[in-house]
Every structure is written in C-alpha cells, then in structure tokens.
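Visitor: I would like to go through this model with you. Could we begin with how its helices pack?

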Amino acid sequence: MLPYRKLVLSKMLEADSFIFFADNQPLPCLAYISRKFNCVLRFFSVNDPYRLLAAFVIFLLVSLPVFLHDFGMSRTAVYGIVLGQKMWEGFTPYITLLDQTPILSLWLNQFFFFLAGKSAAAREIIAFSVFLFQGAYLAVIFIQKKAFEENTYLPALIFVLLCTLSFDLFSVTPTLLASGFLLLAINSLFKEIEFKNYQDDQVLVTGFYLGFTTLAANSFVIFFFGAWLILFLFTRSTLRKHLLFVTGFVFPHLLLLTAYWFFGYAEELINQYYYYFFHETEALLKWKELLVMSIIPLFFLVVAFFRLTGGSRLTNYQSQLVQMMFLWLIIGFVHLFFASELRPQSLLPMFPPLCFLISHFLLTIQRKRWGEVFLWLMLIGIPLYAWLLENDKINWVNNASLYVKTDTEAKRIRALVLENQNSLGLIYEPATGLMSGKQKEALFTNEVTYSKVSKIDEQLRLGNPVVIVDPNNWMQPFWKHLPQWEKKYKKIGNYYYLQP
C-alpha cells in the first residue's frame with residue numbers, strides 16, 4: 001500500500017489543525033484545494049471595504065437555492081404577514097388587535113406589508129439584504145475594536161455562510177429585527193470592555209439597546225441578564241453603572257407604558273402584552289433536528305475552542321473578548337429554551353460569537369494552508385449540506401413542520417378561527433383582531449362577563465367574518481348575549497356561516 005494511503009490522526013493540541021494526514025501531508029483532495037485556491041483567507045484579510053462586495057457575491061451564489069426553490073413560507077413569516085395586514089387595516093395593538101407580539105415587530109410587519117404585501121420572494125430579498133448588512137456591520141465592529149491581530153472582513157463572510165443553514169432564516173420575523181438591536185448592544189459592550197471605567201454613560205446606551213431588543217422579541221430579555229453578567233465579570237462595574245444599565249433597559253418600556261397610559265389604555269397593554277411576556281416555547285423542530293442542522297458550525301466551534309484555549313497567543317484585551325464571546329454563545333444557547341419558537345432562525349443570536357470564534361481560529365493558524373482548507377470546507381460544506389437537508393436528499397430534518405403553503409382556497413375566506421393554536425388560523429384570511437391562540441382561549445373560556453361580550457361584539461363589528469370556525473364550541477355561551485349576531489349565522493358542524 002502506498003505511503004500516502006496510511007492515515008494518521010493528528011493530535012489536536014500539537015498541530016495547527018484537526019485533520020487527517022498522510023505522511024505529514026493533508027489528504028490529496030484538501031491539499032489540492034489549498035494549493036490551487038489558497039487566496040480566499042488572504043483576500044478577506046485585507047482591510048478594504050470592497051471585500052464586502054465579494055462577500056455579497058458569495059452570499060448571493062450560495063443563497064440561490066432559497067430564491068429558486070419554492071419552499072413555501074415559514075409559519076412565523078406567514079403569521080407576521082397576517083399581523084401586518086391587520087395593522088394596515090387600522091387595528092390598534094393590544095386594544096383591537098389582541099396579540100402578544102412586541103410593538104416594534106408589529107410596526108415592522110405593518111411596514112413590510114405596505115412594502116411587499118404578501119410576496120414571499122420580496123421578503124426573502126429583504127432578509128437577504130438585512131443579513132448582508134448585519135454581516136458587514138459585525139466585521140466593522142471587530143475591526144474598530146481591534147478584536148483580531150489583523151483587520152479582516154472574514155467575519156462578514158462567515159456570517160453570511162451561517163445564514164444559509166436553512167431557508168427558514170430568510171424570513172422577516174421578530175427574531176430578525178431583534179438580532180439587529182443585539183448587534184448594537186454587542187458593539188456597546190465591546191466599548192465598555194475597551195474603556196473600562198472611563199465612560200459611565202456607555203452602560204446606559206447598552207441597556208437602552210437591550211430594552212429595544214425586548215420590544216422586538218420578548219425572549220431576548222435573556223440577553224439583558226447575560227449582558228449584566230458580562231459587565232460584572234469583565235468591567236470595573238460600580239453600583240452607579242448597574243443602575244444606569246437597568247435604567248437604560250427599562251426606559252423604552254416606560255415610554256410604551258406612558259403612551260398607553262396617556263390615552264387611557266395602560267390596562268389593555270398590561271393584560272394583552274406584558275401578561276403574556278413569557279410563554280411556552282413552540283417546538284417547530286426537535287432539538288435533535290436542530291443539532292443535525294448545525295453540525296458543521298458545531299464542528300468548527302469545537303476545533304476553535306481547543307485552538308483558542310490550548311496555545312493561541314492573544315493580548316489580554318483579545319483574551320477578554322474571546323471569553324466574553326464564549327459566554328455570549330452560552331447565553332444564546334440558554335435563549336433557545338425561552339424563544340417563542342424552536343426553529344433554525346432561533347440560532348441567529350449565536351451567529352456573532354460563532355463568527356468571532358471561528359475567525360479567531362482561522363487567523364491564528366500559523367500554517368495558512370490549513371486556514372484555507374477549513375475555509376473552503378465552510379464555503380462548500382454549509383450551503384451543500386443545507387441544500388441536501390432542505391431537498392430531503394438527507395432525510396434527517398422534518399422541514400415540513402417549518403412552513404405552510406399559502407396558495408390554498410381557504411386562505412381567501414375571511415374567518416374568525418376560535419382555536420388555542422395559531423397554526424389553524426394561518427389557513428384563513430383573518431377577519432378580526434383576535435390573533436393569539438392563548439388570548440382567544442382566555443377570552444372565550446371560563447365565565448361569561450360583560451367585558452368579554454363587549455369585546456367579542458366589537459371584534460365581530462370590526463371584522464364581520466364570513467365564517468366562524470369553532471371546533472371547541474366556544475361561541476355557544478355567548479350567542480344568547482349577542483342575539484343580533486346569532487341571527488346572521490347558520491351553524492353546520494363546527495362552522496358558522498354568514499347568511500346572505
């Protein structure tokens with residue numbers, strides 16, 4: 001047998017990479033790639049903003065399967081379209097539009113409904129643009145804060161590659177909006193670690209960004225506690241700084257409460273939004289499926305962990321940033337237990353620390369050939385693996401649970417769906433402002449009160465639904481209090497049909 005066929009596993013902490021060797025040479029295919037295409041890592045290591053154009057071209061090429069293949073729309077995106085439509089029709093958040101979605105996400109859905117209507121392609125393009133901007137901004141943060149020994153736009157490339165893990169990531173959702181505010185908070189934390197005790201007002205800004213983050217996605221409140229822990233561990237925090245941090249976080253919520261109190265609707269805001277601030281996570285994917293989908297980034301994370309903790313030469317400041325990003329990654333994992341939905345886009349808050357750690361790993365490899373090999377493995381492996389999963393070439397992930405088809409006949413019917421799950425409501429065109437399944441259940445179950453009857457009467461007048469879908473017979477106790485509406489509908493099975 002030829003010598004290059006005798007494979008020996010290199011030791012992780014004694015070599016510059018974790019890879020198979022043949023007589024101290026990389027496997028033939030990887031050697032060929034690194035020898036013929038040993039320019040990508042060097043290309044993005046140049047401090048030139050025009051390198052972002054190359055990241056854009058690469059991102060566009062690896063995203064083509066998402067744009068060309070009709071996967072349908074994710075459940076969360078469809079629900080956002082429904083909310084945007086109701087906002088555009090004039091329903092008022094938490095008053096006539098009963099849903100626990102944060103106010104900034106409602107406004108975002110309204111804006112995108114005006115901008116893109118119900119077009120799935122337009123929303124994919126919007127998400128693509130947002131990811132490109134976030135990746136570029138993340139790279140700029142790392143350059144400005146001297147996070148690496150050399151200025152590089154490599155994190156932007158890695159970020160956009162991670163965004164191709166699943167078609168579900170290309171959705172305009174609260175998570176997408178909140179992740180943007182989270183990047184601002186990360187930038188502010190970097191400044192605080194960099195300047196230590198010299199700028200007390202910086203923590204106020206950090207808390208302010210995190211407050212806006214929670215007004216985009218409720219579950220992101222976990223990052224407020226995570227950032228608080230980082231300030232305690234990595235900065236010379238004083239009691240004054242901690243109070244400023246909390247004040248900045250609370251301030252956006254105080255503005256919202258003040259606005260609703262001024263118009264006399266503070267109770268509605270508390271009952272319809274803050275009461276449902278924490279709710280049970282809906283698992284659209286199983287944990288095992290999410291792990292399978294993320295196996296390539298996890299591999300690079302493990303390699304980066306051993307590399308950065310086993311012998312990489314970093315300054316004290318860079319070492320603190322590495323520790324902070326490892327902690328931020330753990331916080332992002334904890335966030336998955338509190339996220340409203342367990343789905344691929346829930347991984348988005350973990351992308352910045354992943355980009356940071358993987359970039360550090362690639363840039364600290366002394367033999368740049370190995371960096372090229374690993375980078376090409378990412379360039380080819382992540383998009384290809386995602387394509388195989390999404391097209392069921394590898395049947396390890398149930399992607400059908402992530403999306404809904406929007407071209408059904410039932411979607412054209414304006415209906416009031418009385419169900420404690422949001423999924424059934426996505427089949428129909430919503431007629432009223434009763435959106436959240438949990439809030440519908442709270443309104444229609446238990447005892448019948450005057451306030452409940454008044455609210456149901458108001459919703460029926462606003463929406464005038466053609467069909468009332470009532471599989472649980474929730475409407476029956478209310479008909480005697482709403483005789484004028486009972487006469488308008490005829491019951492057939494679980495459906496009430498509006499009479500001509």
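Guide: In this predicted model, helix α9 passes helix α10 in a right-handed crossing.

Visitor: Within what distance do the axes of α9 and α10 come, and at what angle do they cross?

Guide: The axes of α9 (residues 201–214) and α10 (residues 221–234) come within 8 Å, and they cross at roughly 160°.

Visitor: Are α9 and α10 then roughly parallel or antiparallel?

Guide: Angles over 145 degrees count as roughly antiparallel, and α9 and α10 are therefore roughly antiparallel to each other.

Visitor: Turning to the surface, which residues form the nonpolar patch?

Guide: The patch is formed by F278, W287, I330, F333, V334, F337 and F338, which together have about 700 Å² of accessible area.

Visitor: Which helix gives the most to the nonpolar patch?

Guide: That is helix α15 (residues 316–335), with three residues.

Visitor: And where does W287 lie?

Guide: W287 lies in helix α13, which covers residues 287–293. W287 counts as partly exposed because its relative accessibility is 37%.

Visitor: On to the backbone. What is phi of K146?

Guide: Phi of K146 is near 55°, a positive value in a residue other than glycine. K146 is found in the loop between α6 (120–144) and α7 (154–162). With 47% relative accessibility, K146 counts as partly exposed.

Visitor: What about phi of N473?

Guide: N473 is not a glycine, yet it has a positive phi of about 60°. N473 is placed in the loop between β10 (467–469) and α21 (476–479).

Terms used. Residues numbered from 1 in each chain as written. Predicted model: local features only at pLDDT ≥ 70, side-chain atom pairs only at ≥ 80, totals over all residues. Heavy atoms only, no water. Patch = residues over 30% accessible without salt bridge, like charges linked within 9 Å, V, L, I, M, F, W, Y side chains within 5 Å. Areas by Shrake-Rupley, 256 points an atom, 1.4 Å probe, with all protein chains shown as cover. Salt bridge = Lys/Arg side-chain N within 4 Å of Asp/Glu carboxyl O. Helix = DSSP H or I, 4+ residues; strand = E, 2+ residues; numbered from the N terminus. Buried < 20%, exposed > 50% of the residue type's maximum accessible area, 1.4 Å probe, protein only. Axes fitted to C-alpha atoms, helices over the stretch in contact; angles between N-to-C directions. Parallel < 35°, antiparallel > 145°, perpendicular 65-115°, else oblique. Left-handed = near helix turned anticlockwise from the far one by under 90°.
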